[in-house]
Amino acid sequence: FFCSEAQHFFLMKPENYLAIFCIIIGAIATYYAGVAIQVGAGYSAKVVCSGTFTANRNFDIVVDEEVGFTKAIYTITKNQNSVSVTSLFGLIDRVANYNPVRNSCTLAAPGEDKTIWDTVPKQSPPVVSSSNDNNWPNGDDNAFVASHPSINKKELDKLMDAAFHEPVLSEASIFRRTKALLVLYDGKIIAERYSAGISSSTPLLGWSMTKSLLSLLVGSRIQEEKLSLNQNNLLLEWSNDHRKEITIDQLLRASSGLEFKETNDVFSDTSRMLFLSNGTVEYASQRPLVHNPDTVWSYSSGTTNILSQILRDSFDDDSQYWNYPNQFYSKIGIKSLVMDTDNTGTFIGSSFSYATGRDWARIGLFAQQKGNWMGQQILPKSWFDYALTPTPTAPLGQYGAQWWLNAGSKDDSSKRYFPSLPSDAFFALGYQGQSISVIPSKNVVVVRLGATSPPDAWNLEGFLNYLLQHVITA
C-alpha cells in the first residue's frame, strides 16, 4: 500500500507539487504570523497597562511611545483596571490587569482575562519601613547641588540639552525619547531633567535593569543563610538530568549552559517567555542544556527568572516573598519600587520593575558604596566584590552577577565593553536605553530612562565620556 501511494505521489503533475508546496509554506507562514501577533498583543497589553496605571501616564501618549507603528494592527482599549488588545478581525485578544493594591500590572495567559491576583485573598499593600530623615539620600530634601567647584556647569547644561534633543528623523522611526536623566557627583544630584508628562514622582520601567535588582535580593537571602552560591538541585524538573548540577552562581553569571535565544525579535525565547507563556519559569526551566555549566557565557533573561523562582522557594509563604523587594529596598530610602509578577506570582526578575528616577539613582549609590547606606552595612561588601568580579567565560569580562562591567583589560582599552570609559565602571542596563552607570573612580552615578528606538539613537558611552572629559574637572 505504501509503495503504491508513494508511486502515485511521484507521478503527480508538476502543478500538484506546487500546490502542496504552497500549502506547506502557507501553513508555516500562518503559524509564525500568529506567534508574532500574539507576542505583539501581549507586549502591548502589558507595557500600556503599566505605563498607564503604574506610572499614571497619559494613555494615548503611552500607546504612541511604547507600541509605535504596530498599533495600526491592534485595537488597544483602556478599561477601569485593565488594558485589552484585540488584533485585526478580532482573532487575538490579550488582557493585562492592574492590581491597585500592589500598583502592578499582570499579563493574563493567551485567551484568558483573569490573573493570579484575582485568586489571592486578603491582599495588603507591600510594607515598607520609613525613616525620619528626609534629607538625601534617605529622603529628597537637599538632594540637588546647583553648583560644585569640580563641575563645569555650562558644559553640563549643554550635555543635558543634547540628551533630550530629538533627532529630526521621526519619519524614519528613529526616536531618542529620553524620559529622565540624573547625574550624581559626590553623592549629590548635580543635574536632573524629565521629559514632558514625566516628573520626579513618575515610576519608570527599568526593563533588564531589573536583573541587577534581583541580584541584590539574592545576595540578601544568601546573607540571611537561606540560599548559597554553590547550591544546586535547584528545580524538581531538573532532578533527573544534568541540569541538576547548575548552581545559583552559574545562574547569576549567565553561564548555566541552558539554551536561550536572547534577542528582542518576536520569535525569540525572550519574547515567547514574557508574552506567550503563562509562567516565565515554566518556559525557561524547560530549556535544554546545550553546554556544560560554567563553560560558556550567554546573556539570558530565562536564567534570571529561574533565579526569581529560587528566591520564591526560599520563603515559607508567598506573602513574605511578594513583600521582600519593598522590605529590602526601603532600607535605602526607596518607596516607589514596583516589581511585577507573571501569571503564576513569580517576579519577572528579568524585565519588569518600575521606580522613580531618584529611586533608580539610590540603587546606583548603594552599589557604588558597596552595600553601605548612611553608615549601615545593608549588604556585605564581599557581596559586591563577588557581583562585580568578571565572569571568567565572558569574552571581555563584561558581566558579573547580573551587572554589566567594563573590567576587560586595564592596559588595553579596546578589550573593554566601553573602550573610552574607566575599567572600574559598572552598569545596570535595559532595553530601550535604560541605564544606571556607576564610575567609582570618578565618584559618578548616572541614571538614564527612555523609550529609545533603535538602540543607537542613544549613545551611553558617548554621553559618559563627554561628562568625564568636559564636565567633571576634578
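**Exercise 1.** Determine at what angle helix α5 (residues 209-223) and helix α10 (residues 318-329) pack in this predicted model, and how their axes are oriented.

*Solution.* Two packed helices are described by the angle between their axes and the distance between the axes. For α5 and α10 the angle is about 90°, and the axes lie 11 Å apart. Angles of 65 to 115 degrees count as roughly perpendicular; α5 and α10 are therefore roughly perpendicular to each other.

**Exercise 2.** Identify the residues that make the contact of α5 with α10, and classify them.

*Solution.* On the α5 side, the contact is made by Ser 212, Leu 213, Leu 216, Leu 217, Ser 220 and Arg 221. Helix α10 contributes Tyr 324, Pro 325, Phe 328 and Tyr 329. By class, these residues divide into seven nonpolar, two polar and one charged.

**Exercise 3.** Describe how β5 is joined to strand β15 (residues 444-450) and to strand β6 (residues 188-194).

*Solution.* Begin with β15: seven bridges join it to β5, and the two strands run antiparallel. Here Leu 182 stands opposite Val 447 of β15. Next, β6 is joined to β5 by six bridges, also in an antiparallel arrangement. Ala 180 has Tyr 194 in β6 as its bridge partner. Finally, β5 and β6 form a hairpin with two residues between them, and Asp 186 in the turn has a positive phi of about 55°.

Key: Residues numbered from 1 in each chain as written. Predicted model: local features only at pLDDT ≥ 70, side-chain atom pairs only at ≥ 80, totals over all residues. Heavy atoms only, no water. Axes fitted to C-alpha atoms, helices over the stretch in contact; angles between N-to-C directions. Helix = DSSP H or I, 4+ residues; strand = E, 2+ residues; numbered from the N terminus. Parallel < 35°, antiparallel > 145°, perpendicular 65-115°, else oblique. Contact = heavy atoms within 4.5 Å. Nonpolar A, V, L, I, M, F, W, Y, C, P; charged D, E, K, R; others polar. Pairing = 2+ DSSP bridges.
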